[in-house]
Amino acid sequence: LHLYEYNFVSNNETQLTNGKSDDAAPKFSPDGKFLAFIRDGKEIRKLDWKTKKETLVTKANISLPIFANASSYSWSPDGRWIAYTAQQVKSFANLHIVSANGGQVRSASFLANSSSGNVTWSKNSKYILYSTTQRTENRVIARVDLVKQIPKFREEQIQKMFTDPLTATPATP
C-alpha cells in the first residue's frame with residue numbers, strides 16, 4: 001500500500017510514496033506544505049509536497065500496520081511539532097512529541113494504559129488532548145499542559161480559604 005495523489009481535473013494519478021512497507025494515515029501540515037504519514041506502523045514520515053522528498057520524522061511502535069490511522073498523531077497548529085501516541089515498555093501507550101523535522105523525542109505522558117489515540121492540539125498550542133484506556137475500562141480524555149500553569153491564587157486568597165467566615169479568625173483544626 002502506498003499513497004497516491006489523484007487530480008480530478010486532469011484525471012491523473014501520481015504515486016507519492018514507494019517504500020518497501022505499507023504507508024497509511026496521511027495528514028497535511030496546517031500550511032499544506034507537508035504530508036505526514038505512518039509507515040509500517042513503526043515510523044512517522046514526512047513528504048515535502050513541493051519537492052516530493054520523503055524524510056523520517058521518528059521511529060516508534062505506533063500500531064500494527066493494518067490499524068494505523070490518522071488519530072494516532074497530530075500536527076501542532078504552527079506545523080513545527082508532531083504529537084503521537086506509541087507503545088513502549090510493557091505495551092503502555094503514551095503521548096510523545098517530536099519536531100516535525102525529526103530529532104529528540106519528548107515523552108509527554110506516563111500513564112499505565114494499554115490504548116491511546118485521538119491526539120488533538122489546542123488551537124493555541126498550550127495543551128494536547130488524547131484518549132486513553134486500560135484494557136476494558138471506559139475511555140477517558142487526558143490533557144497534557146505544555147505551558148506551565150501559574151496558580152491564580154495570591155497568598156492572602158489562600159489564607160482566606162482557612163479562615164472561619166463567621167468570626168474572620170483562622171480556623172483551628
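Trainee: What makes F153, I158, M161 and F162 a nonpolar surface patch?
Mentor: This is a predicted model, so the label rests on computed values. Patch members need over 30% relative accessible area, and nonpolar side chains are joined within 5 Å. F153, I158, M161 and F162 together make a patch of about 430 Å².

Trainee: Why is F153 called exposed?
Mentor: Exposed means over 50% relative accessible area. F153 has 52%, so the label holds. F153 sits in the loop between strand 13 (140–145) and helix 1 (155–161).

Trainee: Why is T17 called buried?
Mentor: The cut-off for buried is under 20%. T17 has a relative accessible area of 0%, so T17 is buried. Its place is the loop between strand 2 (12–15) and strand 3 (23–28).

Trainee: What does T17 touch?
Mentor: Leaving out residues up to four places away in sequence, T17 touches H2, L3, D23, F37, R39 and E54. A polar atom of the T17 side chain also lies 2.9 Å from the backbone nitrogen of L3. The limit for a polar contact is 3.5 Å, and 2.9 Å is within it.

Trainee: What makes strand 7 and strand 10 edge strands?
Mentor: Four strands form an open antiparallel sheet, ordered 7-8-9-10. Strand 7 (73–75) and strand 10 (106–107) each have a single partner strand, so one side of each lacks a neighbour in the sheet.

Trainee: How do you know that strand 9 pairs with strand 10?
Mentor: Pairing takes at least two bridges. Two bridges join strand 9 (residues 93–99) to strand 10, and the two run antiparallel.

Trainee: Why remark on the phi of N118?
Mentor: Most residues other than glycine have a negative phi. N118 is not a glycine, yet its phi is positive, about 55°. N118 lies in strand 11 (residues 115–121). At 43% relative accessibility, N118 is partly exposed.

Trainee: Where is S125, and what is its phi?
Mentor: S125 lies in the loop between strand 11 and strand 12 (127–133). Its phi is positive, near 60°, and S125 is not a glycine. With 23% relative accessibility, S125 counts as partly exposed.

Key. Residues numbered from 1 in each chain as written. Predicted model: local features only at pLDDT ≥ 70, side-chain atom pairs only at ≥ 80, totals over all residues. Heavy atoms only, no water. Patch = residues over 30% accessible without salt bridge, like charges linked within 9 Å, V, L, I, M, F, W, Y side chains within 5 Å. Areas by Shrake-Rupley, 256 points an atom, 1.4 Å probe, with all protein chains shown as cover. Salt bridge = Lys/Arg side-chain N within 4 Å of Asp/Glu carboxyl O. Buried < 20%, exposed > 50% of the residue type's maximum accessible area, 1.4 Å probe, protein only. Polar contact = N/O pair within 3.5 Å; in protein donor to acceptor, adjacent residues only side chain to side chain. Contact = heavy atoms within 4.5 Å.
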